Amino acid sequence: MNAPSSSAEKLQPLVPAASMEVGLQLLRCGRFSLLFARRSAWASLGLCGLLAAAVAVALMAGSTWLSPQQLLSVLRGQGAPGLQLLVLEFRLPRILVGLLAGAALGLAGCLIQALTRNRLATPDLLGVADGATLGVFVTLISSTAGMFGPWWVGPLGALGAVVLLLIAAGNLGRRGQRLLIVGLALSSLLRAVTELALSRQELMHASALYAWSIGSLNGRSYAAAAPLAAGLLILLPLTLSSTRRLALLRFELEIASGLGLPLRTTQWQALLSAVLLAGLAVGVCGPIAFVALAAPFIAERLVGGGRIALLSAALVGALLVVFADTLGRILLAAAELPIGVICNLLGGPFLLWLLLSERNKEIS
Amino acid sequence: MSNVMNNEPALVVQDLHACHQKMPVLHAINLRIEPGKVTVIVGPNGCGKSTLLRCMARLHKPSQGTVRLGADDLWQLRPQQAARRLALLPQAPQAPEGISVGGLVRYGRHPHQGLLQQWSAEDERAVRHALQATAVTALAERPLEQLSGGQRQRCWLAMVLAQETPLLLLDEPTSMLDLGHQVDVLNRIRRLAAAGRAVVIVLHDLMAAARYADTLVAMRNGRILASGAARDIVTPELVRQLYEVEADVLAAPGDGAPVVVPVAAHAALARGADAARVLHAHP
């Protein structure tokens, strides 16, 4: 059946031509080959550049502004000790935590949206944020000094909430839609439990939990960044290596299975990675709304072609959190606005824009 | 046509039972799918023909019995291995938004690729060939959603062709198409079988089935009523059993394929009376 095309094939160079769009780039070495969209590569590079710039600005901005020269000298290990302390011990760790948490949230959102084929799905809808809050709250009221528990309480609470969710939902459902609906009910239940218990606590506990549950990077140290970095170090490569399989989830399940997708494995891996990533981020920074929703969407717009943009989503998430945190530190001179507040301020209009632009597309 | 015909069946269904939401829908199905042949499964709505196809495609787990691909049990294969040996085109498939024709067809190579083997010369050849075989090469850069139903169905066919599997399973590949595109798609499918592939099609259109099938499988209530060459098994009796419809079966002037012509209600009544009279006269 190949007879008519065989002579033409000898003339074809190995670089794909007929079946390839212009925007694709093939790298081949022996039997190994990589195929990617040039636009994705450029988007990732551009986002890395923007992120570096955002981090530099975040290091300089704040109650005490630094000049670029001052920043450079501090980074070289020179400059006044006060400035060194400010940049390396206060600003850098919180920026690092924000960057990692943003990347984790962006990636988690992208995974959940790919899993459910739903642009509005986020880890929070699965009860991740409320589970983590409840976990933190339990450690808070059980400590006499009104202290938060260790960093792993949040992720543990998130994981617990999702395990509870899976038990309640029975299974993933065809598209994880079942999870979203049961998750919605479960997370309001968890929130109700937290609030009920909170209403019976002293004001000290209530205000401490409030400060946490609004989402903040204030006072986060290098130690807080470590679990996030470790989680990303494992889950980011794992997730990126399953990009091709996740892309198949965009098809109907019959087609995806017909193309050889191990459906259950892929779905479970995506779900578990998303919950762990989002749980880590929430556990360290408190619930930060909208990043998991907005980052995958912006990344997809940047990358185009309806592709699954995992890396770009992580980068956009990091960029959003670093940007929002910097904004929160400089917007009001007297006190800083927690990042959760900034994200809510920016997130509402964003959601509106998202819904309106989606509807316009449907109309046209 | 010159390909050496392998006598090994491409797929064998043995004593297959299957349930749908705990209701049994397939009973003791036995079927052999031959390479180089088009097997068409027909039957009324709800007869279990789609479930049978899903069992063959590894989408529906049978409650009893086996599906064998050559020497292997279908359910023992890993998903990717199975996808290199059989390809499925579901009914009225939907593509992700924004995908181009070339992009869609490239997905057909997924079972042959890996994390570090994302695009081989073999993939390139298979995709180009699939685009040619379905006459969509010129559309490769176009977004799928801009195309007409007939063009789109050819693109989907190209995707499963690019999989280059010895067995093709197609669920109602012509249901959304007008007559011209139906004939075009079915002719292309016949050419694929002529080149040596085994093709199984589920069709609700008995007329097209009778014309294009090498082997016709007639199902009702989860059982196979008859299977064989269309001209041997399509009779007024079979049509009555399948659809509870009185029909005349004529031979097509061209190739003698059976043509089913349903009898209108009033004519059926009259004919029933005739038959009664005949029976009465010659007991």
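What percentage of the 364 residues in chain A is made up of buried residues? In this predicted model, buried residues account for 44% of chain A. The secondary structure of chain A consists of 15 helices and two strands. Its radius of gyration is 23 Å, close to the 21 Å given by the globule rule for 364 residues, so chain A is as compact as a globular protein of that length. The C-alpha trace of chain A spans about 80 × 55 × 40 Å along its principal axes. Of the contacts in chain A with a separation of 6 or more, 76% are between residues 24 or more positions apart.

One of the helices of chain A, α14 (residues 310–331), comprises 22 residues. The distance from the first C-alpha of α14(A) to its last is 31 Å, close to the 32 Å expected at 1.5 Å a residue. Within α14(A), 19 of the 22 residues are buried, so this helix is largely enclosed by the rest of the structure.

Chain B contains ten helices and twelve strands. The radius of gyration of chain B is 21 Å, against 19 Å from the globule rule for 283 residues; the two values are close, so chain B is as compact as a globular protein of that length. Along the principal axes, the C-alpha trace of chain B extends over about 80 × 40 × 40 Å. Residues 24 or more positions apart provide 64% of the contacts in chain B with a separation of 6 or more.

An open sheet in chain B is formed by four strands in the order β2-β1-β4-β5, with antiparallel pairing. Strands β2 (23–33) and β5 (72–73) of chain B lie at the edges, each pairing on one side only. Strand β1 (residues 11–20) of chain B is joined to strand β4 (residues 64–69) of chain B by five bridges in the antiparallel sense. B:Leu11 is placed opposite B:Leu69 of β4(B).

In soluble globular proteins, nonpolar side chains tend to be buried together. The largest nonpolar core of the model has 187 residues. Residues with the most contacts inside this core include A:Ala101, A:Ala104, B:Val40 and B:Leu169. Helix α4 (residues 81–116) of chain A contributes the largest share of the core, 17 residues. Beyond four places in sequence, B:Val40 touches B:Ile201, B:Leu203, B:Ala209, B:Tyr212, B:Ala213, B:Leu216 and B:Val217.

The contact between the chains involves 31 residues from chain A and 41 residues from chain B. On the side of chain B that touches chain A, at least two residues each are supplied by α2 (79–85), β6 (86–89), α3 (101–107) and α4 (121–133) of chain B. The largest share of that side, eight residues, comes from α4(B). By class, the side of chain B that touches chain A comprises 22 nonpolar, twelve polar and seven charged residues.

B:Gly98 lies in the loop between β6 and α3 of chain B. Apart from neighbours within four places in sequence, B:Gly98 is in contact with A:Gly305, A:Gly306 and B:Pro143. B:Gly98 has 15 other C-beta atoms within 10 Å and is therefore partly exposed, since a residue is classed as buried at 20 or more and as exposed at 12 or fewer.

Terms used. Residues are numbered from 1 along each chain as its sequence is written. Chains are lettered from A and ligands numbered from 1 in the order in which they are written. This is a predicted model: local features need pLDDT of at least 70, side-chain atom pairs count only at pLDDT 80 or more; totals for chains, interfaces and linings use all residues. Two residues are in contact if their C-beta atoms, placed from the backbone, lie within 7 Å. Ala, Val, Leu, Ile, Met, Phe, Trp, Tyr, Cys and Pro count as nonpolar, Asp, Glu, Lys and Arg as charged, and the others, Gly among them, as polar. A nonpolar core is a set of buried Ala, Val, Leu, Ile, Met, Phe, Trp, Tyr and Cys residues joined through C-beta atoms within 7 Å. The radius of gyration is taken over C-alpha atoms; the globule rule is 2.2 Å times the number of residues to the power 0.38. The expected span of a helix is 1.5 Å times one less than its number of residues. Two strands pair if DSSP finds at least two bridges between them.
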